[in-house]
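Okay, thanks for making time, everyone.

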Amino acid sequence: MKTTPEHNERVAKMKFYSVFPHYVTKVEKKGRTKEELYQVIEWLTGFDELKLQELMDEQVTFKTFFERAKLNPNAHLIKGVICGYRIEEIDNELTRQTRYLDKLIDELARGRKMDKILRKQ
């Protein structure tokens, strides 16, 4: 399934602060913690809890969020299907990065071990 320019634009304009509470709800509903969520996000982006709060206070878009992130060099190891898209086939970089985050949060909520989520050998 290929992303459309409209879909990519919608992803770019989404506000991180408006989606973050849904991430928290998703993982906590499945028995995981907010601290684990922060750990996963920090692994992918380099943003610690304080920096994430600053970005949410600033109400940044996902475009700005990922422009400021230092993506983990192992992010390319995140593969599979999320939201109907095969991550490794997404050609738009921002949309792919956003789906990386979605996939990690989904794995966390599904109870996957942290070592596996963080792609540790």
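So, the largest nonpolar core: this is a predicted model, and in it that core has 36 residues. The members that touch the most others are F16, F20, Y23, L37, L44, F65 and L101. Who supplies the core? At least two residues each come from α2, α3 (34-45), α4 (49-58), α5 (62-68), α6 and α7 (114-117). The biggest giver is α6, with seven residues.

If you skip its neighbours within four places in sequence, Y23 is in contact with F16, L37, F62, L101, D102 and I105. F16, L37 and L101 were on that list of core residues touching the most other members.

Now the helix pairs. Start with α2, residues 16-29, and α6, residues 93-109: their axes sit 9 Å apart, at an angle of about 20°. Angles under 35 degrees count as roughly parallel, so that's what we call α2 and α6. The crossing there is right-handed. On the α2 side the contact uses F16, Y23, K26 and V27, and on the α6 side L101, D102, I105, D106, L108 and A109. Sort those by class and you get seven nonpolar, three charged and no polar residues.

Next up, α2 against α3. Here the axes come within 9 Å, but the crossing angle is roughly 125°, so this pair is oblique. Again α2 passes α3 in a right-handed crossing. From α2 we have F16, F20, Y23, V24, V27 and E28, and they meet K34, L37, Y38 and I41 of α3. That contact splits into eight nonpolar and two charged residues, with no polar ones.

And how do α3 and α6 run relative to each other, roughly parallel or roughly antiparallel? Their axes come within 10 Å and cross at roughly 150°. The cut-off is over 145 degrees, so α3 and α6 are roughly antiparallel. This crossing is right-handed too. α3 brings E36, L37, V40, I41, W43 and L44, while α6 brings Q97, Y100, L101, L104, I105 and L108.

Key
Residues are numbered from 1 along each chain as its sequence is written. This is a predicted model: local features need pLDDT of at least 70, side-chain atom pairs count only at pLDDT 80 or more; totals for chains, interfaces and linings use all residues. Side-chain values use heavy atoms; hydrogens and water are left out. Axes are lines fitted to C-alpha atoms, for helices over the stretch in contact, and angles run from 0 to 180 degrees between N-to-C directions. Helices (H or I, at least four residues) and strands (E, at least two) are DSSP runs, numbered from the N terminus. Angles under 35 degrees count as roughly parallel, over 145 as roughly antiparallel, 65 to 115 as roughly perpendicular and the rest as oblique. A crossing is left-handed if the near helix is turned anticlockwise from the far one by less than a right angle, and right-handed if clockwise. Contact means heavy atoms within 4.5 Å. Ala, Val, Leu, Ile, Met, Phe, Trp, Tyr, Cys and Pro count as nonpolar, Asp, Glu, Lys and Arg as charged, and the others, Gly among them, as polar. A nonpolar core is a set of buried Ala, Val, Leu, Ile, Met, Phe, Trp, Tyr and Cys residues joined through side-chain atoms within 4.5 Å. Buried means under 20% relative accessible area, exposed over 50%, partly exposed in between (1.4 Å probe, protein chains only).
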